[in-house]
Amino acid sequence: MELYLDLRSQPCRSLFMFAKAANIRFDFKLVDLAQGQQFDEDFVKLSPVKKVPVMKDGDFVLTESVAILQYLVQKHASSLADHWYPADLRQRARVNEYLSWQQMNLRAHGSKVFMLRTMYPMVMGQEVPKEKMADAVEDLNQSLDLLEQKFLHNRSFIVGERISLADLVAYAEILQPVGSGLDVFAARPKLAAWRDGVKEVLGPALLQETDEAIMAFGSLSQPLEMSEGMKVFKAKFTKMFS
């Protein structure tokens, strides 16, 4: 099985964490988004959507991270602990509920904060307008409030007292704004306790391997070479603020 990934991408990180934690063997195929490798002819043949992650299992290809996670957890169900994607109907529905909610909430808002705090200055050569940045952070805070109040509530993890796919996806998404230098845990002890629980289960070695790329990328300050990937970002930013 091959996984086409760039660990600066949060869906790629959640997939990488799960495969590693579950001891699922795979070949790591790097697709450098900053260099525009998702637009290379060979990759587009594999994935017409021009995005990562992509899974190639023999002649079977999947191009959406949640679908890949669900495929892997069901394919390897006989050797996996049930807590990742519980067989219990209601617990599994809770995992699916979070995975559905996060796409247009935590993922959308965390990604926007990361892009505005890191990508915008590097691509556009100037800081993002302050009011736009404030609005983006406020949207992110509203999603984090819901994560704490609805999905975590008084539990150790999103579904209960054991980690699940939902927690891996949430952790990967939260690391995106954290990678931009925004400490989202400072005034959120419940969220910090949950993060520490995820770290305890996965272990420091796996998280260092997973998080290194995004934490390093967020510390860059110089303008980036105008690759195909950066041209796409510049066009998005120009449209966003025109």
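**Entry 1: contacts and overall form**

I began with the contacts of this predicted model. Among contacts in the protein with a separation of 6 or more, 70% are accounted for by residues 24 or more positions apart. I then looked up the secondary structure, which comes to 10 helices and four strands. Read from the N terminus, the elements follow the order β-α-β-α-β-β-α-α-α-α-α-α-α-α. The radius of gyration is 18 Å, close to the 18 Å given by the globule rule for 242 residues, so the protein is as compact as a globular protein of that length.

I also noted the extent of the C-alpha trace, which spans about 50 × 45 × 30 Å along the principal axes. As for cover, 49% of the 242 residues count as buried. The protein exposes about 12,200 Å², and carbon and sulfur atoms supply 50% of this area.

**Entry 2: strand pairing around S3**

I followed strand S3 (residues 54-57) to its partners. It runs antiparallel to strand S1 (residues 2-5), and three bridges join the two. Within this pairing, I found Lys56 of S3 to be the bridge partner of Glu2. S3 is also joined by three bridges to strand S4 (residues 60-62), again in antiparallel fashion. Here Lys56 stands opposite Val61 in S4.

Which residue in the turn between S3 and S4 has a positive phi? I found Gly58, at about 70°, in a hairpin that leaves two residues between the strands.

**Entry 3: helix H7**

I turned to helix H7 (residues 165-179), which has 15 residues. From its first C-alpha to its last, H7 reaches 21 Å, close to the 21 Å expected at 1.5 Å a residue. I checked its cover as well: 15 of its 15 residues are buried, and H7 is described as mostly covered. Just after the helix, Gly181 takes a positive phi of about 100°.

**Entry 4: Glu148**

Last, I looked up Glu148, which lies in helix H6 (residues 130-152). Is Glu148 buried or exposed? Its relative accessibility is 11%, and the cut-off for buried is under 20%, so Glu148 counts as buried. I then listed its contacts, leaving aside neighbours within four places in sequence: Glu148 is in contact with His153, Arg188, Lys190 and Leu191.

Definitions and conventions: Residues are numbered from 1 along each chain as its sequence is written. This is a predicted model: local features need pLDDT of at least 70, side-chain atom pairs count only at pLDDT 80 or more; totals for chains, interfaces and linings use all residues. Side-chain values use heavy atoms; hydrogens and water are left out. The expected span of a helix is 1.5 Å times one less than its number of residues. Buried means under 20% relative accessible area, exposed over 50%, partly exposed in between (1.4 Å probe, protein chains only). Two strands pair if DSSP finds at least two bridges between them. The radius of gyration is taken over C-alpha atoms; the globule rule is 2.2 Å times the number of residues to the power 0.38. Contact means heavy atoms within 4.5 Å. Accessible areas come from the Shrake-Rupley method with a 1.4 Å probe; for residues, only the protein chains shown count as cover.
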